[in-house]
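Subject: Structure for your review

Dear colleague,

Please find the structure below, together with its sequence. My notes on what was found follow it.

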Amino acid sequence: MSSLSERPARPVVGLPLPHESASLHVTGTALYTDDLVYRTKDVLHAFPVQVMKACGRITAVRTENALAVPGVVRVLTIADVPGVNDAGMKHDEPLFPEEVMFYGHAVAWVLGDTLEAARLGAAAVEVDLEERPAIVSVREAIDAESFHGARPTMIRGDIEAGFANSAHVFTGEFEFKGQEHFYLETHCALAQVDESGQLFIQSSTQHPSETQEIVAHVLGLHSHEVTVQCLRMGGGFGGKEMQPHGFAAVAALGAKLTGRPVRLRLNRTQDLTMSGKRHGFHAGWRIGFDADGRIQALDATLTADGGWSLDLSEPVLARALCHIDNTYWIPNAHVAGRIAKSNTVSNTAFRGFGGPQGMLVIEDILGRCAPLLGLDPADLRERNFYQPGQSTPYGQPVGQTDRIGRIWHEVQDSADWDERQREIAAFNAEHPNTKRALAITNIKFGISFNLTAFNQGGSLVLIYKDGSVLINHGGTEMGQGLHTKMMQVAATTLGIPLHKVRLAPTRTDKVPNTSATAASAGADLNGGAIKNACEQLRTRLVQVAASQMGANASDVRIVEGVARVLGSEQELDWDTLVRTAYMQRVQLSASGFYRTEGLHWDAKVFQGSPFKYFSYGAAATEVEVDGFTGAYRIRRVDIVHDVGDSLSPLIDIGQVEGGFVQGAGWLTLEDLRWDTSEGPNRGRLLTQAASTYKLPSFSEMPEEFNVTLMENATEEGAVYGSKAVGEPPLMLAFSVREALRQAAAAFGPSGISVELASPATPEAVYWAIESVRRGDISGNGHVRAGSAVNADGNGSGVPVGNGKSRSDASALSSA
């Protein structure tokens with residue numbers, strides 16, 4: 001076992017401990033960025049001047065009327081920027097734009113003594129606009145060939161030979177929507193300037209170092225003149241990885257120009273209409289199977305809806321391509337990617353970061369093709385699982401392939417799969433207007449940033465003379481329990497009780513040049529860095545203990561706060577050991593560092609091994625659907641998920657449960673809508689409140705929810721044998737969508753391929769049921785049945801869902 005993954009005697013990691021701030025959360029005493037406003041004197045409030053058109057060139061911004069509003073102190077415009085007028089890393093996101101690129105784009109910011117004064121001032125600003133035609137949807141962008149950024153292609157094998165050798169070939173398209181982060185805490189920043197002109201910014205950000213960098217270049221400063229701190233976030237989910245930077249820069253600019261603290265906090269409507277979402281996608285595809293239902297070839301084009309600027313669309317698209325295989329061997333593949341440029345908010349990171357979108361495409365394909373192949377969907381999936389020695393289409397060997405089947409069968413066993421399938425069949429036979437279905441899906445999710453340079457972490461660990469320990473690391477806490485795990489790692493490595501360890505807020509002047517807390521890599525990177533720093537300190541302290549007890553350092557162990565010599569009764573308590581080390585002038589602080597080894601990636605040819613390892617999981621979901629309304633309920637969910645040897649099981653189970661529910665929300669409830677009419681509100685987000693955007697709640701929770709962490713699953717080469725947990729569980733919710741598809745199919749004859757929109761809202765399920773009842777697999781006219789092609793390329797008639805036989809090159813596609 002590697003030194004990184006090996007656990008000492010009586011470790012603190014692995015204990016089911018509550019979140020380190022749980023009591024603060026439930027009592028309301030946990031401080032968030034905006035809470036600090038009430039502890040800060042003479043704060044100014046920032047309010048955006050939004051233009052309610054989707055596209056146009058700004059010809060004039062008149063601020064005189066705003067400055068006449070009582071309480072208005074200043075209006076920030078492009079003329080006030082001393083450095084670079086850009087809030088992004090691609091230099092395509094002007095902080096103060098000269099062109100409006102989406103409905104509600106902020107072109108100026110008003111500072112007021114009160115929030116109300118700033119609001120009235122913003123309403124008084126006059127903006128003249130030369131309006132231009134707007135592209136609102138991804139389909140409009142495709143038709144207009146409006147694209148930006150890289151256009152990667154992933155190739156393996158001989159795609160045409162693969163299709164020539166396929167007994168069945170199907171083609172189709174699939175468009176699915178994005179998702180609003182809807183974190184409880186909206187975007188927020190509080191900026192202050194000290195007597196020497198240095199800036200201190202409290203920001204709700206997942207990436208303090210990048211917030212620091214953006215603020216510095218907007219203000220024309222060096223990074224050492226800007227300090228960013230993140231106490232904690234009230235949720236992030238990726239929405240605070242890139243997009244907080246511009247808001248922090250506005251607050252910092254205001255503080256620099258006025259000398260007063262500036263607070264910027266978006267209200268809910270502003271946050272919904274100004275910040276990016278999960279990328280919606282359009283996929284066009286062609287897939288070939290052999291006579292046994294094994295995939296022979298996949299040809300697909302994935303189009304991500306990037307919105308008006310690139311933000312993180314390029315790596316999101318890359319990860320989507322890297323995950324289109326999910327757990328399935330595809331010997332011949334040609335998958336192209338592109339990013340649509342539209343006049344909507346700039347879409348950004350969201351839990352899974354493109355992985356869910358890529359995996360949804362292949363899961364939708366298999367769910368739709370299974371009945372046309374005459375196979376049970378679970379059987380079709382299982383017979384295409386990766387086998388030992390196989391690699392992904394981008395060339396990375398798939399390790400631990402045994403876990404794919406092992407988890408799959410563990411879920412089926414725990415879910416009483418066969419017995420419940422019989423019960424469901426009997427129920428459906430007796431209930432013509434209500435149907436149930438049980439579906440199983442699995443996941444393979446790569447862990448690491450696609451950009452190799454981001455796979456590094458830092459820490460600073462301080463031991464004080466009284467034996468107490470303070471740890472700093474570069475990760476941010478957004479409720480996911482990262483800080484809890486880091487305290488457990490520190491206590492385990494030092495060999496002391498957890499109460500000896502306290503964690504300091506994340507700050508750029510303690511740990512520099514950190515990566516975002518994203519890509520599910522927070523525990524891996526920061527845990528490795530903390531372990532490294534603590535090992536340095538433990539080595540020094542073991543030397544001191546050995547000299548005090550007349551032993552060799554190699555024979556000394558520190559366990560539960562006591563240093564002992566192997567084979568001896570000699571011991572030295574932690575507090576005494578630390579005081580002794582101090583008196584001997586032994587350094588009691590250490591800076592730790594960790595870099596993920598074994599990664600390599602060539603983005604130009606789209607080949608390499610970008611991931612340290614894969615996380616696996618499977619979920620079986622049973623649903624019940626009302627045939628009159630399409631309304632449904634989730635009766636039971638069974639999950640087995642691979643987190644390696646868990647650092648903190650209670651935290652990890654909570655992450656699996658929360659990820660699953662959030663994924664189910666994306667796939668079944670959360671329906672983003674924009675005004676696509678040619679009227680004056682074209683491009684306006686219509687679902688801009690909780691009243692119109694349906695979030696999952698307690699009523700959508702499974703009635704029975706069983707989550708098991710995979711046992712005996714040590715991950716070599718990861719901190720204390722653990723695996724990442726943040727993002728992978730979200731994709732377990734594919735099983736909900738597939739169960740809904742199968743329940744809809746149960747309303748008609750067997751063999752029908754069911755087209756199901758995403759999100760699969762009750763309305764979408766109802767129309768799928770209506771199509772099935774008619775025996776019409778064409779849905780709204782876009783879908784035709786699949787064709788069969790012999791190895792020699794000649795068409796051969798096969799039964800299709802409507803009972804007819806076709807031999808032409810027919811298409812299976814979605815609305």
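Which residues do ring pairs link into a cluster? They are Y394, W601, F606, F611 and F614. Please bear in mind throughout that this is a predicted model.

Confidence

The chain has a mean pLDDT of 94, with 95% of its residues at 70 or more. Residues 778-815 have a pLDDT below 50, although this stretch makes 97 contacts in the model beyond near neighbours in sequence. Where pLDDT is low, the predicted coordinates should not be read in detail.

Aromatic pairs

In total, the structure holds 17 aromatic pairs. In one of them, the ring centres of F174 and F176 are 4.9 Å apart and the planes lie at 40°, so this pair is tilted. Both F174 and F176 are buried. F176 also pairs with F281: the ring centres are 5.9 Å apart and the planes are at 5°, so this pair is stacked. The F176 and F281 pair links distant parts of the chain, since F176 belongs to strand 8 (residues 168-176) and F281 to strand 13 (residues 281-289), 105 residues apart. The relative accessible area is 3% for F176 and 0% for F281; residues under 20% count as buried.

An open sheet is formed by 8 strands in the order 3-5-1-12-9-10-11-20, with mixed pairing. Strand 3 (72-76) and strand 20 (506-507) stand at its edges with a single partner strand each, so one side of each has no neighbour in the sheet. Within the sheet, strand 9 (residues 188-193) and strand 10 (residues 199-203) pair in the antiparallel sense over 5 bridges, and A191 stands opposite I201 of strand 10. Helix 6 (residues 208-219) packs on the sheet, where it touches strand 10, strand 11 (226-230) and strand 20. The direction of helix 6 makes about 145° with that of strand 11. Helix 3 (residues 115-124) lies across strands 1, 3, 5 and 12, and runs at about 25° to strand 1 (44-51).

Nonpolar cores

The largest nonpolar core contains 107 residues, of which I287, F289, L302, V625, I639, F660 and L740 touch the most other members. Strand 27 (residues 613-626) supplies the largest share of this core, 8 residues. Not counting residues up to four places away in sequence, F660 has contacts that include A619, T621, V637, I639, P702 and F705. A second, separate core has 51 residues, among them L482, V489, V556 and A581.

With kind regards

How values were computed. Residues are numbered from 1 along each chain as its sequence is written. This is a predicted model: local features need pLDDT of at least 70, side-chain atom pairs count only at pLDDT 80 or more; totals for chains, interfaces and linings use all residues. Side-chain values use heavy atoms; hydrogens and water are left out. Two strands pair if DSSP finds at least two bridges between them. Helices (H or I, at least four residues) and strands (E, at least two) are DSSP runs, numbered from the N terminus. Contact means heavy atoms within 4.5 Å. Axes are lines fitted to C-alpha atoms, for helices over the stretch in contact, and angles run from 0 to 180 degrees between N-to-C directions. pLDDT is the predictor's confidence in each residue, from 0 to 100. A nonpolar core is a set of buried Ala, Val, Leu, Ile, Met, Phe, Trp, Tyr and Cys residues joined through side-chain atoms within 4.5 Å. Buried means under 20% relative accessible area, exposed over 50%, partly exposed in between (1.4 Å probe, protein chains only). Rings of Phe, Tyr and Trp (its six-membered ring) pair if their centres lie within 6.5 Å; planes under 30 degrees apart count as stacked, over 60 as edge-to-face and the rest as tilted.
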